[in-house]
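Please keep the sequence and the structure open while reading.

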Amino acid sequence: MDIVQLKKQIKDRQLNNFYILAGEEIGVLNMYIKQMSKNIIRADEVGDIWRALTSRTLNDTSDVVFVVRDDKKFMAMEKVWTGLKNKIVNGTLVICITNIDKRSKFYKEFRDDVVVFEKMTDAQLLQYCRKHLKGVNDNVLKHLIYLCGNDFSRIENEIDKIVRLKAKQINEQLLEDLIIPPKDSTAFTFTDAVLRGEYDNAIYDLNCLLSNNESGVMLLGLLYSNFRNAILVVGNKPGES
């Protein structure tokens, strides 16, 4: 399946009950998911939502889109995903895969259900910027794309920021002042920022990590461990072990 077919199914409100959306262009991929339904449920593993997908005794969830990203456990369970589309009776299951192995049994089984999202070209990104920042010089828009590292999600966020600013003139200097260069975000910089009360940095790190497919459960577990250790340290008086 290609993006044109997917777009038509979304427009006609005639979704299949199963899709695999693959590729590193997460921003565009998520944009299509949002268009599929107003009722989206995300899960870490297919197993977490299996009953909701397959039980005939639950309330009607035909309009629900269930989204799971990079569930390697599920992709290795051939007995479970064989005949999968006949097992799904509630809603639509969307499996997002950052890098799909076209040699795998999983890909060969669901080849016709795979939609690949390639990185957007400079021309496509420029067209998107023109649409949302009308009247701005192309050279300025190209500089915006450059500052964002050609990352669609970041471009989308920065355009939203610029529109909200309602600046009288949008030029390269404004972009230089407004766009903060991306920093490396890890699970540890996230937890450190939370413990220090640096909530702006924590939110930035969290958004980066989630957009890069980090597990929310893992981040919560790490956050819990750090809080627990901090409490243990604070709870001990000098000289106590």
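## Basis and overall make-up

Helices and strands are DSSP runs, a helix being a run of H or I with at least four residues and a strand a run of E with at least two, and they are numbered from the N terminus. The model is predicted. On this assignment the protein has 14 helices and five strands.

The protein has 241 residues, of which 37% count as buried. Along the principal axes, its C-alpha atoms fill a box of roughly 65 × 55 × 35 Å.

## Confidence

The average pLDDT of the protein is 86, and 92% of the residues score at least 70. Strand β1 (residues 18-22) has the highest confidence, at 95, while helix α13 (residues 199-211) has the lowest, at a mean of 77.

## Salt bridges

How many salt bridges are there in the model? The count comes to nine. Side chains of opposite charge can pair when their charged atoms come close.

One of the pairs joins Asp113 to Lys85, with 3.0 Å between the closest N and O atoms. This pair links distant parts of the chain, as the two residues are 28 residues apart. Asp113 sits in the loop between α7 (105-109) and β5 (114-116), and Lys85 in helix α6 (residues 84-87). Is Asp113 buried or exposed? Asp113 counts as buried because its relative accessibility is 6%, below the cut-off of 20%. Lys85, at 38% relative accessibility, falls in the partly exposed class.

Another pair is Asp101 with Arg103, whose closest N and O atoms are also 3.0 Å apart. Asp101 has a relative accessibility of 34%, so it counts as partly exposed. Arg103 reaches 69% and therefore counts as exposed, since that class begins over 50%.

Glu158 and Arg154 meet through their side chains in a salt bridge, with an N to O distance of 3.6 Å. Both residues belong to helix α10 (residues 152-165), and they are four residues apart, about one turn of the helix. Glu158 and Arg154 are both buried. A network of salt bridges links Arg154, Glu158 and Lys161.

## Positive phi angles

Which backbone angle is positive in Asp70? Although Asp70 is not a glycine, its phi is positive, at about 50°. Asp70 is placed in the loop between β3 (65-69) and α4 (72-76). With a relative accessible area of 24%, Asp70 is partly exposed.

Lys166, also a residue other than glycine, has a positive phi near 55°. Lys166 lies in the loop between α10 and α11 (172-178). Its relative accessibility is 72%, so Lys166 counts as exposed.

## A nonpolar surface patch

Which residues make the nonpolar surface patch of about 280 Å²? Leu195, Phe227 and Ile231 do. To join such a patch, a residue needs over 30% relative accessible area and no salt bridge.

Phe227 is part of helix α14 (residues 216-235), and Ile231 is found in helix α14 as well. Phe227 is partly exposed, its relative accessible area being 37%. Ile231, at 59% relative accessibility, counts as exposed.

## The second largest pocket

Rolling a probe the size of a water molecule over the atoms shows where empty space is left. In this model the second largest pocket holds about 410 Å³ of space. Its lining is made of 15 residues, and those nearest its centre are Val28, Met31, Tyr32, Met120 and Gln124. Two or more lining residues come from each of α1 (3-12), α2 (26-36) and α8 (122-132). The largest share, five residues, comes from α8.

How far apart are Ile231 and Met31, C-alpha to C-alpha? The two residues are 41 Å apart in space and 200 residues apart in sequence. Ile231 belongs to the nonpolar patch, and Met31 to the lining of the second largest pocket.

Terms used:
Residues numbered from 1 in each chain as written. Predicted model: local features only at pLDDT ≥ 70, side-chain atom pairs only at ≥ 80, totals over all residues. Heavy atoms only, no water. Patch = residues over 30% accessible without salt bridge, like charges linked within 9 Å, V, L, I, M, F, W, Y side chains within 5 Å. Areas by Shrake-Rupley, 256 points an atom, 1.4 Å probe, with all protein chains shown as cover. Salt bridge = Lys/Arg side-chain N within 4 Å of Asp/Glu carboxyl O. Buried < 20%, exposed > 50% of the residue type's maximum accessible area, 1.4 Å probe, protein only. pLDDT = per-residue confidence, 0-100. 1 Å grid on protein atoms, 1.4 Å probe; cavity = no way out; pocket = protein on both sides within 12 Å on 5 of 7 lines; lining within 4 Å. Points joined across faces, edges and corners; volume = space filled by probe spheres on them.
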